[in-house]
Number of protein chains: 2
Amino acid sequence: MKLSNVISDYVGCAQWLPHYNRQWLASDIVAAVVVTIMLIPQGLAYALLAGLPAQVGLYASMAPLLAYAFFGSSRAMAVGPVAVASLMSAAAAGQFAQGDAALFYQASVALALIGGAVLIVLGLLKAGFVANLLSHPVVGGFVSASALLIALGQLGALLGISAKGETFLQTGAVLLSKFDQLEWHTTLIGVASLLWLWLVRKWGKGVLKALGLNGLALEITFRAAPVVAIVCSIVAVSVMSLTQVRTVGVIPTGLPGFFFPTLIGAQWVSLIVPGVLIALVGFVETVSVGHALAAKRKQRIEPNQELLGLGAANLASGVLGGYSVTGGFSRSVVNFDAGAQTPMAGVFTAGGILLATLFLTPLLTNLPHATLAATIIIAVLGLIDWHLPKMLWSYSKRDFAAYLLTVMVVLSVGVEVGIVTGVIFSILALLAAVSQPHLAIVGQVPGTEHFRNEKRHKVDMVPGVVSVRVDESLYFPNARWLEDSILELSTSKQGTYALILQCNAINHIDASALESLEKIDENLHAMGVTLYLSEVKGPVQDQLALSHWYASIQPRIALTHLEAIDLAKKNISEHAS
Amino acid sequence: MKLSNVISDYVGCAQWLPHYNRQWLASDIVAAVVVTIMLIPQGLAYALLAGLPAQVGLYASMAPLLAYAFFGSSRAMAVGPVAVASLMSAAAAGQFAQGDAALFYQASVALALIGGAVLIVLGLLKAGFVANLLSHPVVGGFVSASALLIALGQLGALLGISAKGETFLQTGAVLLSKFDQLEWHTTLIGVASLLWLWLVRKWGKGVLKALGLNGLALEITFRAAPVVAIVCSIVAVSVMSLTQVRTVGVIPTGLPGFFFPTLIGAQWVSLIVPGVLIALVGFVETVSVGHALAAKRKQRIEPNQELLGLGAANLASGVLGGYSVTGGFSRSVVNFDAGAQTPMAGVFTAGGILLATLFLTPLLTNLPHATLAATIIIAVLGLIDWHLPKMLWSYSKRDFAAYLLTVMVVLSVGVEVGIVTGVIFSILALLAAVSQPHLAIVGQVPGTEHFRNEKRHKVDMVPGVVSVRVDESLYFPNARWLEDSILELSTSKQGTYALILQCNAINHIDASALESLEKIDENLHAMGVTLYLSEVKGPVQDQLALSHWYASIQPRIALTHLEAIDLAKKNISEHAS
């Protein structure tokens, strides 16, 4: 393989960097300003949600943007800490560290490194399809339930109550039992921030437009609104010396250094499953954000390239002491709307956050946790798709069951167990559907060469010939079902001498199904019934030709169903004469 | 539900008992004699293989036959101890008991009771399809590898060496290292028995026919041949007082009593997984034997009825202190060939074994283990399908991989892990196949209304219209693949204004795929391309009608692909004008 091919295959920026121009530069810088303003409070807040010191959120907001810019394929993606990955990271690291803060941090970094490595391996193997095991109902249920868990957990910080529970009910019970310990100043700041953020989200753009703002000025002002809450609460705490309000505290100024967790082998191994889950959930979010944004500009993203980009972002985060990152939905949309043309916007955003880390952090000492909690609550409640359960209920009870199960288990047991349960349920439900396909006895529609279901259409049947259509590929989950069904059909009709399987809906026949077809053939033969196949698809016939059964069945395969009937009639009359 | 319906639904013998006649009685008695002669040595041998006292094999050969006769649906099935279930039972009980013989026995009985209960519950739920998760390559690999494990394990008994290892290699290594401890008398008896059984199997019928025997006399004489080896070895040991040869020893005469394992809750729970696995593997074997025999007489078996029959058989076995039983292949074929007409033959067989248990067991004290080991080795080597790996290799590499993986894990780790690994691999392989279906760009075959793959046929394309056929139902594993593929297609062709998805091979659209179709629709729209659907199947359109997307897509669904193209052309010209 030539080096240039390797680069264009594996380095996403090869697509745009050579064409980079001054116009893109201007757009990217403007987008970077908007996103930086948005990301600083988000980075701090999500780090606290992940159970980490606030500055770790800033660290995790820089290097990943650079790594993604180099390897990723989406033009407007903004990677960094997000709510759900922060919650998953906190849950996994918490279970691992059992209260040891140093170990907790090590585990958080290790999770990012493991996730990054897994994503890169999947990307190199072009195996992004594994993320497809996360079905839409499972992801939807998982995100909604996680958002509820996060919001309830942040309610404690908002009210100045220390309330940490393992499950939704536990956390709720702790909150209720400690409700009398509510800290009034904290609550006031928290509720005011919440109200402000909610009002801005709901009416902000309208009010700004009414004030005559539009375009970029509107966008920047709108995005800066959360900063107002932050500035006001810092001022309130500082001026009134509200020592009873819990704040971020002193954040170390300066750049993060290189970091590598000093864990032993077995500890790494125990973090693999949660690391993989966080990475895959993040990947699913990243890809769906990427698709949506790319389509708006008639661009495409390459999922396997996204694996490399997101993997590199997580490795970069971990190596510099950050934690798991994802391509976030809201920040990417903001980046896109603010006009970002290339991932260079991310590079500038990283620069902006770097400046903040170097010079602004001393100002954040008095930033109350309650304000950050309000930021998180507003962000995560926006993640919940309130219409999804109703939509699933009316569309498919099976999908609704997967959704409900995931929500219940996430809320009552935990995020990891919840998503794994949901995935296993979806797979079993799929296998159950495949294992009992729709089967129709077909007959000829008078005056045509078409054969249709005798239950839905008025059709002509040939005496002694049973025509069966199976609407599914033949795999091991339905192989024995096929044996049972066909034998039942042929014993239920007296005087049957031929059974024709119409194969137009069969896209695969695996070895189990081949074995079953052979057995059906033998068993039918033992009953004096001859098996015929019609309308076998090209690739399926190619594969059947590899089996030793083919020599026996080949003369009984007909191109069309009508030909198969003629063949059966001819054979029986020759046999009789 | 009326009582008579309940009976005919759940009691298999309701099908034949009311019609029982003298002719069937005669046939059944003769078959019972043949099977009894065959089952006595097998029962003793398999009990030893299961790590249990020899008489437990006889206990497990009586009550199950009665229970099956009452509930089962196959006419000629013979249930009892079989080789693979004995090995699985020994492995599970051994791991559970950790060397405690009393606990080992309790666990063996508990496994039968758990398996029986699980099968009955599955039968009542009509959920026999779960056994379909055991694909043909996995079962084939599992049985072959188990047979190798068993044969190697019995080689120790044959040579008078005590060689027990966890895995194939371990057992082999122990055998080799202890080869100098080989006991000559035992080896002589063992090898002579093995040779005799092999010669009988290979040439026996031919020789007997040459001697003028045929029909029933031939069958009885042939089946009695193993008894010759047993009688000869007992005589040899008794006459020469070969105390160095390990023998069955004193077997308690008389009937088994009721027995219930005195295990605590957690102990029962730890036996559930192996109990379920043994039951499911046994069920798969029972059903495939049942189908094969039923077809020869134009009868049918009812898989859910078989669950009840086999479940009752296992409960009956356990309640009387026996262990896990299965519908055995060889004994059922012998029963069938000997003319068994109804499960009443099984009742008579049970009577024959009862007589043996009461009166013959004192004669078996000097029966050498080596002779029984020879019986087992000949039986299990017959279970191996030596052609299967070659057949799978040429037919499907994916199925071959499932086979090979199962064999390797059974031999190197153990039977339970092996079968679970095989099942998980098959499911993932199926999902992988479903996740990347065959996709064809289709065009019109000149002079017809047919649309076929442009790569395989010479077809006409309409400029600006891309026609795509997906050869698979749309499920969550391929939902995102669909998004990627369709977006790639529509960005790769300049000047595209319509994309038509031909849905004739789509049997289901789940909620994830619906979401993807909606996104595809939106993303295509953002690119100025309109999505159309053609040839949507009735049930699929019914389901789409339940979605809120239907209002938007419904005007863009056409009955035939040609109509969809006309619709697209019409829409674009209206739009242009």
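These are my notebook entries on a predicted model with chains A and B.

I next looked for the strand order and found an open sheet of 6 strands in chain A, ordered 4-3-5-6-7-8 with mixed pairing. Strand 4 (451-453) and strand 8 (557-558) of chain A are the edge strands, each pairing on one side only.

I checked strand 3 (residues 439-444) of chain A against strand 4 of chain A: they run antiparallel and are joined by 3 bridges. In this pair I noted A:Val442 opposite A:Asn453 of strand 4.

**Entry: strand 6 of chain A**

Is strand 6 of chain A enclosed or open? I counted 5 of its 5 residues (498-502) as buried, so strand 6 of chain A is largely enclosed by the rest of the structure. From this strand A:Ala498, A:Ile500 and A:Gln502 point one way, while A:Leu499 and A:Leu501 point the other way; all are buried.

I then took the two neighbours of strand 6 in turn. Strand 5 (residues 465-470) of chain A pairs with strand 6 of chain A in the parallel sense, over 5 bridges. Here A:Val465 stands opposite A:Ala498 of strand 6. I followed the chain from strand 5 of chain A through helix 20 (residues 476-492) to strand 6, a β-α-β crossover that is right-handed.

On to strand 7 (residues 530-534) of chain A, which pairs with strand 6 of chain A in the parallel sense over 5 bridges. I found A:Leu533 of strand 7 to be the bridge partner of A:Leu501. The chain goes from strand 6 of chain A to strand 7 through helix 21 (residues 511-526), and I noted this β-α-β crossover as right-handed.

**Entry: where chain A meets chain B**

I looked up the contact between the chains, which takes 58 residues from chain A and 58 residues from chain B. On the side of chain A that touches chain B, helices supplying at least two residues each include helix 7 (136-159), helix 12 (272-296), helix 20 and helix 21. Which helix of chain A gives the most to this side? I found helix 20 of chain A, with 11 residues. By type, I recorded 26 nonpolar, 19 polar and 13 charged residues on the side of chain A that touches chain B.

**Entry: helix 18 of chain B**

I turned to helix 18 (residues 397-412) of chain B, which has 16 residues. From first C-alpha to last it reaches 22 Å, close to the 22 Å expected at 1.5 Å a residue. I listed its buried residues, among them B:Phe400, B:Ala402, B:Tyr403 and B:Leu405. What covers the buried residues of helix 18 of chain B includes helix 21 of chain A, and also helix 7 (136-159), helix 8 (168-177), helix 17 (388-395) and helix 19 (415-435) of chain B.

**Entry: B:Ala429**

I picked B:Ala429, in helix 19 of chain B. Why does B:Ala429 count as buried? I noted 21 C-beta neighbours inside 10 Å, and a residue is buried at 20 or more, so B:Ala429 counts as buried. Leaving aside neighbours within four places in sequence, I found B:Ala429 in contact with B:Arg398 and B:Ala402. Last, I checked B:Glu483: B:Ala429 and B:Glu483 are 54 residues apart in sequence and, C-alpha to C-alpha, 21 Å apart in space.

Notes:
Residues numbered from 1 in each chain as written. Chains lettered and ligands numbered in written order. Predicted model: local features only at pLDDT ≥ 70, side-chain atom pairs only at ≥ 80, totals over all residues. Buried ≥ 20, exposed ≤ 12 C-beta atoms within 10 Å, placed from the backbone. Helix = DSSP H or I, 4+ residues; strand = E, 2+ residues; numbered from the N terminus. Pairing = 2+ DSSP bridges. Right-handed = clockwise from strand over helix to strand, strands pointing away. Expected span 1.5 Å × (residues − 1). Contact = placed C-beta atoms within 7 Å. Nonpolar A, V, L, I, M, F, W, Y, C, P; charged D, E, K, R; others polar.
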